[in-house]
Amino acid sequence: MWCGRERLGLLRVGDDVLVLHATRRPGEIRVPTQLLPPPAEVCHVEIAGALALWAP
């Protein structure tokens, strides 16, 4: 929700439409490592099964 906030953005024309590129403030940018899923253990049987599905 953008009510009560000031936002800086770039407005441009692209393919017959107006495009708004909203900028982010430093406090809104997350570190990518915070988005990683937790580590999981995978046995060799599961890896072999996954590779068998992937191979042509």
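A residue counts as exposed when its relative accessible area is over 50%, as buried when that area is under 20%, and as partly exposed in between. By this cut-off D15, at 78% relative accessibility, is exposed. The model described here is a predicted one, and the values below were computed from it.

The protein chain contains two strands and one helix. Read from the N terminus, these elements follow the order β-β-α. Strand β1 covers residues 9–14 and strand β2 covers residues 17–22, while helix α1 is formed by residues 44–54.

The overall dimensions of the chain were examined next. The radius of gyration of the protein chain is 22 Å, whereas a compact globule of 56 residues would have a value near 10 Å. The C-alpha trace spans about 55 × 30 × 15 Å along its principal axes. Of the 56 residues, 2% count as buried. The accessible surface of the chain amounts to about 5,900 Å², and carbon and sulfur atoms account for 64% of that surface. Among the charged side chains, 6 are positive and 6 are negative. The centres of these two sets are 11 Å apart.

The loop between β1 and β2 holds D15 and also D16. Both residues have backbone angles worth noting. D15 is not a glycine, yet its phi is positive, at about 50°. D16 likewise has a positive phi in a residue other than glycine, with a value near 65°. As stated above, D15 counts as exposed because its relative accessibility is 78%. D16 has a relative accessibility of 80%, so this residue also counts as exposed.

At least two residues of the patch come from β1, and at least two come from β2. L11 counts as exposed because its relative accessibility is 56%.

Beyond the strands, R25 lies in the loop between β2 and α1. The relative accessibility of R25 is 48%, and therefore R25 counts as partly exposed. In helix α1, A52 was considered as a further position. A52 has a relative accessibility of 56% and so counts as exposed.

R25 and L8 are 17 residues apart along the chain, and their C-alpha atoms are separated by 9.0 Å. For A52 and L11, which are 41 residues apart along the chain, the C-alpha separation is 48 Å.

Note on methods. Residues are numbered from 1 along each chain as its sequence is written. This is a predicted model: local features need pLDDT of at least 70, side-chain atom pairs count only at pLDDT 80 or more; totals for chains, interfaces and linings use all residues. Side-chain values use heavy atoms; hydrogens and water are left out. Helices (H or I, at least four residues) and strands (E, at least two) are DSSP runs, numbered from the N terminus. Buried means under 20% relative accessible area, exposed over 50%, partly exposed in between (1.4 Å probe, protein chains only). The radius of gyration is taken over C-alpha atoms; the globule rule is 2.2 Å times the number of residues to the power 0.38. Accessible areas come from the Shrake-Rupley method with a 1.4 Å probe; for residues, only the protein chains shown count as cover. Lys and Arg count as positive and Asp and Glu as negative; His and the chain ends are not counted. The place of a charge is taken as NZ of Lys, CZ of Arg, CG of Asp or CD of Glu.
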